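This report describes selected local features of one protein chain.

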Amino acid sequence: MRADLLTASVDGLDEALTAVDAFDLALAGGLLRPGPAQAKGLTGLARAVAGTPLAAGVGEAAQKASAGAAGEDHLVALAAARTALLGSVHDALITRIAEATGRPRDKEFTPAAGGRQAANLQTAARSWLSDLAGRGWQGIDHELVSGSARIISAMLPDPDLRRLATLLDGFAAELAASCPGAALERVPARRWADLWSRAMLLTLPGAADMPVTGTATGRLLPLGVDLQEHPTAAQAQIHAVFEPADGGAPRLVRASVSVPKPDTVVGAGLWQLLRPHMPLLAAVRDGRSMVLDAMPVTAEGDLIWSDEHARTGEPADALTTARVALPAATDAATAPLDRHPARIAVPVFLEGCAVQDDGDAMTFTVAGQPLTVDIDRVPTAGPLTPEAVAASRACVGLLRWDAGAFRVQPLAVETIVRKKPVVIHAGGWAAGTTDKAGARAEKAATDAVTVLRERAGRLLRK
């Protein structure tokens, strides 16, 4: 891998992020009565998209917002401009990754028309988001945030609106936990502006369309599991190489399972909620492939998992897959609304790298270049530990971009235990374990999950 390309600067990247940050600060203070500093941030956003198809609309929106007279359409235009700028940053970083790994990438795609959506609910959501932008994060209170509850409840039963409803639900929960905004010592300006912009665009008809564009028949070779946790939800995302049965080029795909959760279930207890929904987790634990038969898959490489389209296959070691199949696999395309640097998670394989751990940070030295290891992203709900990563001689990981630099999130490492090579997975406890530490951790979470299920059962019976 050309690691030198990952440490070199990217033209225009700093300027784009500076414009985004200035707008985020304007949004944090609210757009009802913007001051000179906020007006400067709005003007900078408009200037950053000058010469693009967005220029006229965003220029007008910035003028109206600077005068405190922005309507919903103007706020949508500002959200689109911010999203486009971060999309350009994403594209520049993805191009740099493709140059560094030497792997091909799928072309972009145009989503097909989706289902019928309830325009009145989308309009209501857009109105609430506009109220948030007017007040700003420092002006939020419980009354304002709670205004989303009825909208979200009405959206959730509709599959076409569930994506937006889920986003709004999580966003509102974060805001509610931070009320009143005037008392906040630190405002997560980038994160909340990300959520606001994305939600604003999802209120537009067709923006959330993510069609199933085909089917996958062939062999699935798992690389590792990325476990993501939120106070109210958890997701296990399996990254894998798919080899088509017709002999076509292998490609990178993902399979995900998401579940709601109470905030009392953490750590190894998450697997109890996740594993009943996807037997693929057992294949990852056991180091086996899966044989797919007409499994639905999107153009972005996301498998719409259904057990009836899959069966367990032959043994398939993740490190072997990374050595042999990954270098020739085609990276998936990215959907328009997913073009954001925080969404970058590209599988890579590193071998023979020197590891340095000074206690504060860990780095892999790849072709003479230091690459930071994102240890904080390794879940505690698995056998992979910082010590195992530090002692590794090969690593399958996700290349991410955070805090202005590329980082590697380990998914699996090969290390020596009792003079024998052993592969340790971050998702090694996904389908249960006989490991003593894992068994103890899961047993501690069992009682909480059992009690919650009993309570839920009693409520349903009533």
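## Exposed residues, backbone features and helix packing

Not counting residues up to four places away in sequence, Pro-370 touches Thr-7, Phe-364 and Thr-365, where contact means heavy atoms within 4.5 Å. The model is a predicted one, in which local features need pLDDT of at least 70, side-chain atom pairs count only at pLDDT 80 or more, and totals for chains, interfaces and linings use all residues. Residues are numbered from 1 along each chain as its sequence is written, and side-chain values use heavy atoms, with hydrogens and water left out.

Pro-370 lies in strand S10; helices (H or I, at least four residues) and strands (E, at least two) are DSSP runs, numbered from the N terminus. With a relative accessibility of 52%, Pro-370 counts as exposed. The classes used here are buried (under 20% relative accessible area), exposed (over 50%) and partly exposed (in between), for a 1.4 Å probe and protein chains only. Between the C-alpha atoms of Pro-370 and Val-284, which are 86 residues apart along the chain, the separation is 30 Å.

Leaving aside neighbours within four places in sequence, Pro-260 is in contact with Thr-232, Ala-233 and Leu-273. Pro-260 and Leu-273 are 13 residues apart in sequence, and their C-alpha atoms lie 8.5 Å apart in space.

| Residue | Relative accessible area |
|---|---|
| Pro-260 | 69% |
| Ala-367 | 66% |
| Lys-419 | 79% |

Backbone geometry is considered next. Most residues other than glycine have a negative phi, and most peptide bonds are trans. Ala-367 has a positive phi, near 50°, and is placed in the loop between strand S9 (362-366) and strand S10 (369-373). Phi of Lys-419 is also positive, near 70°, and Lys-419 sits in the loop between strand S12 (405-417) and strand S13 (420-425). The peptide bond that joins Cys-179 and Pro-180 is cis, with omega about -5°. Pro-180 is found in the loop between H9 and helix H10 (189-202).

The helices on either side of that loop may be taken in turn. Helix H9 (residues 162-177) has 16 residues and reaches 22 Å from its first C-alpha to its last, close to the 22 Å expected at 1.5 Å a residue. The expected span of a helix is 1.5 Å times one less than its number of residues. The buried residues of H9 are Leu-164, Ala-165, Leu-167, Leu-168, Gly-170, Phe-171, Ala-172, Glu-174 and Leu-175.

For H10, the 14 residues should span 20 Å, and the end C-alpha atoms are 20 Å apart, which agrees. Eleven of the 14 residues of H10 are buried, so this helix is largely enclosed by the rest of the structure. Among these buried residues are Trp-192, Asp-194, Trp-196 and Met-200. Their cover includes H2, H5, helix H6 (119-135) and H9.

Helix H3 (residues 36-48) has 13 residues that should span 18 Å, in agreement with the 18 Å between its end C-alpha atoms. Its buried residues are Gln-38, Ala-39, Gly-41, Leu-42, Gly-44, Leu-45 and Ala-46. The buried residues of H3 pack against helix H2 (13-29), helix H4 (55-66) and helix H5 (72-101).

Two packed helices are described by the angle between their axes and the distance between the axes. Axes are lines fitted to C-alpha atoms, for helices over the stretch in contact, and angles run from 0 to 180 degrees between N-to-C directions. The axes of H2 and H3 come within 8 Å and cross at roughly 140°. That makes H2 oblique to H3, given that angles under 35 degrees count as roughly parallel, over 145 as roughly antiparallel, 65 to 115 as roughly perpendicular and the rest as oblique. In this contact, Ala-19, Ala-22, Phe-23, Ala-26 and Gly-29 of H2 meet Gln-38, Gly-41, Leu-42, Gly-44, Leu-45 and Ala-48 of H3.

H3 and H4 pack at an angle of about 175°, with their axes 9 Å apart. H3 is therefore roughly antiparallel to H4. Here Ala-39, Leu-42, Thr-43 and Ala-46 of H3 meet Val-58, Gly-59, Ala-62, Ala-65 and Ser-66 of H4.
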